[in-house]
Amino acid sequence: MRCYPTIPPFCRFGVHSSRGEPVMEYTHLSEFEIRSGVLSIWTPVLATDAWRLDDRPLTSVHADYCASVDPADPLPGRGRWIGTVFEMDAPLDGPTWRETLRRWHSRHEGLRTTVRIVSADEPRRLVATPAAVGIAEQSVAGLTDGARINEFLRGALEERLSPLVWPHCLAATIEHADTGDFTVLVAADHSVMDAYSQAILILELRTLYYEVMAGELARESVTFGSAADFAVLERAKAAELGPDSAAVATWREFLADGAMPRFAPHAQRPAPADLPQPSVSRRLLDLSELEQLETVLDQVRHRMSVAVFAALAVANQQRFGANRMRTAMPIATRPDLRWMESMGWFVNVVPVDIALPTGADITEAMDLARAALRRSRTANDASWSRVFDLLDVIETPRFGISFLDIRVLPGYELVADLRGRTLRAESYSPDEVFLWVVRAADGLYVSTRYPAGLPAEVMDEFLTVFGQVLSSITAEVHPGPAADLLVPAALALADAATGRAETPEPADA
C-alpha cells in the first residue's frame, strides 16, 4: 500500500488586504481568528437511493488515495482535509445561503460524487443527479466564542471528512450580528478539492449568494467541467505509460539511488509521533526589491520560477553541503478551459533534480535550474501514481516545492478584503518538508511546514540563506549585450506557446 503524505505539496497564497492583514495564506484554521457569533453547520444531504453507479473511473491518484485510508479510522480527516475561510460582505439569510450551497453542489459533479469499495477491487464511482442534493442546517447552540468555535470546527472536520464517506465537503457559517456579516468556512477531503479550487470558490460562492439574493438565475458556463470527465482522460493517458516512456525514465533517474529525497535528513532528531509540524512564513523580498530582481531576470531571459529553484539549490548547497537538490513539484492538470472553474483534484507531481558543481555561482545555478525544470516537463502529463506503480515505488514524495504567482488568480484583490485564506489540516508527519514560494502583489513570500524533529534554527538559517541568494541576483547577474532586446512580454508568449509554465499550478497540490 502506498503511504500518502498527510497533505500533498500544494500552493500557498500570500497577499495583504487593505487592512494590512496577510490573506490568501495557506495556513491552519487555528491561525485564523474567527470572530464571535452564531455557528451553524450546513451539510449536503441525499436520499439513500439517490446514488447511481457510474462507469467513469477515478483518477489514478484518487483510487490509490482511497485505498490508503483505513475505513475504521475514527479521525479520517486528521491531516487530510483542506478548505477555505473568508468573511462574506453581506448579512446572513438562511434560505439564501441554503440555496447558494444547493446551486453550488448542483453545478459541480465532483461534489455529488462518492466511492464504493468492494473487497480489493478498485473503488467504483457513484454519482447523484444535480436535483438530488439538499442542504441541511444544524445550529450549534451555546457556542458563540470565536476561539471555542475554531476548536470545535477543527475537531468536527477531523471526525467527519473522509474520502470514503459522503459528504466529502462541509460548510459552516458564523453570523456576526454586530457587524451585519458572516464568516464562511468550506472544508473538504482532498479527493474532491485542490488548491486552485480552494482559491476560486470564495468568489464563486459570493457571486452565487448575490445572485440568489437578487432573484437571478445562476451563471452557466462551459468552464464548470466535471472532474469525472477529466478522470477518463487521465486514466487513458496513464494506460499508455510503459517502462520505456519518457516520463518513467525521468522518474527512474530521479530515484536511481532507491530512495525518495528528504530535506536535511542529517539535521533531524527523534521526536514524539503525536507532535504537529511547525509552520513558518516570512517575506523574502519587498515589492521594490522584487521588481528590481524581475527586471534583471527579464534581461537574462529567466523567469522567477527559475530564480527561486536556483536559489533554493544554492542555499541547500551552502547550508548542508549538498551539490544535488531533488524535490517533487506539483503542477496543474486542468488541460483546457472546460475545467478552469471546476471543483476537483486536478494536480500531478513531477520530479525536479538540480545538480550544482561545487561553489557554483547564481548565474550558473539558474542555467542548471532552468534545464532541470524543462526536463521535468517530460512528466507533466504522466500520472505520478501510475509511474510509481510501474517502478514498484511504494513511497510518496517527502520533500516538495511549489511556486505561484498570486496575480493569476481572478479577483484576488477582492478576496483580500474578504479576509480569504486557504487552509490545510495540521500535519503530524515525522519526515515531510514542503515549501511554498509566492509572488504576491506586494513582495515574494515563503512558507514551510517541517517535522517537529527538525530544529527551528535549521529551517530559519536555510530560509535566511535562500533569501540572501535571491537578493544577490540583482547585484551579481549581468545581462549580455543582446539581453535588452528581450521584453517581458516575450516570456509570456513563450509560456503561451508551450502551454505550460515551469512552475506549479496556475493557482493546489
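Figure 1. Asp-229 is partly exposed, with a relative accessibility of 33%, where partly exposed covers the range between buried (under 20% relative accessible area) and exposed (over 50%), computed with a 1.4 Å probe and protein chains only. The model is predicted: local features need pLDDT of at least 70, side-chain atom pairs count only at pLDDT 80 or more, and totals for chains, interfaces and linings use all residues. Residues are numbered from 1 along each chain as its sequence is written, and side-chain values use heavy atoms, with hydrogens and water left out. The side chain of Asp-229 meets that of Arg-56 in a salt bridge with an N to O distance of 2.8 Å; a salt bridge is a side-chain nitrogen of Lys or Arg within 4 Å of a carboxyl oxygen of Asp or Glu. Because Arg-56 lies in the loop between strand 4 (52-54) and helix 1 (60-67) while Asp-229 belongs to helix 5 (residues 227-240), the pair ties together parts that are 173 residues apart in sequence. Helices (H or I, at least four residues) and strands (E, at least two) are DSSP runs, numbered from the N terminus. Arg-56 counts as buried, at 19% relative accessibility.

Figure 2. Glu-137 and Arg-98 form a salt bridge in which the closest N and O atoms are 3.6 Å apart. A second salt bridge joins Arg-103 to Glu-99, with 3.0 Å between the closest N and O atoms. Arg-103 is buried at 16% relative accessibility, whereas Glu-99 is partly exposed at 22%.

**Figure 3. The loop that holds Ala-131.** Ala-131 sits between strand 7 (124-127) and strand 8 (134-139). With a relative accessible area of 71%, Ala-131 is exposed. Its C-alpha atom is separated by 9.3 Å from that of Arg-103, a residue 28 positions away along the chain.

**Figure 4. Backbone geometry at Pro-167, Asp-392 and Arg-419.** Most residues other than glycine have a negative phi, and most peptide bonds are trans. Trp-166 and Pro-167 are joined by a cis peptide bond, with omega about 5°. Pro-167 is found in the loop between helix 3 (146-160) and strand 9 (169-176). Asp-392 has a positive phi, near 55°, and occupies the loop between helix 10 (384-390) and strand 14 (399-405). For Arg-419, phi is positive and near 60°; this residue lies in the loop between helix 11 (412-417) and strand 15 (421-424). Asp-392 is exposed, with a relative accessible area of 69%, whereas Arg-419 is buried at 7% relative accessibility.

**Figure 5. A patch of negative charge on the surface.** The patch gathers Asp-361, Glu-364, Asp-367 and Glu-476. Patches are made of residues with over 30% relative accessible area and no salt bridge, with like charges joined within 9 Å and nonpolar side chains (Val, Leu, Ile, Met, Phe, Trp, Tyr) within 5 Å. Lys and Arg count as positive and Asp and Glu as negative, while His and the chain ends are not counted. The place of a charge is taken as NZ of Lys, CZ of Arg, CG of Asp or CD of Glu. Asp-367 belongs to helix 9 (residues 362-376) and is partly exposed, with a relative accessible area of 45%.

**Figure 6. The protein chain as a setting for the close-up views.** The chain contains 13 helices and 17 strands, and the structure holds 26 salt bridges. Of its 509 residues, 57% are buried. The chain exposes about 20,100 Å², of which carbon and sulfur atoms supply 54%; accessible areas come from the Shrake-Rupley method with a 1.4 Å probe, and for residues only the protein chains shown count as cover.
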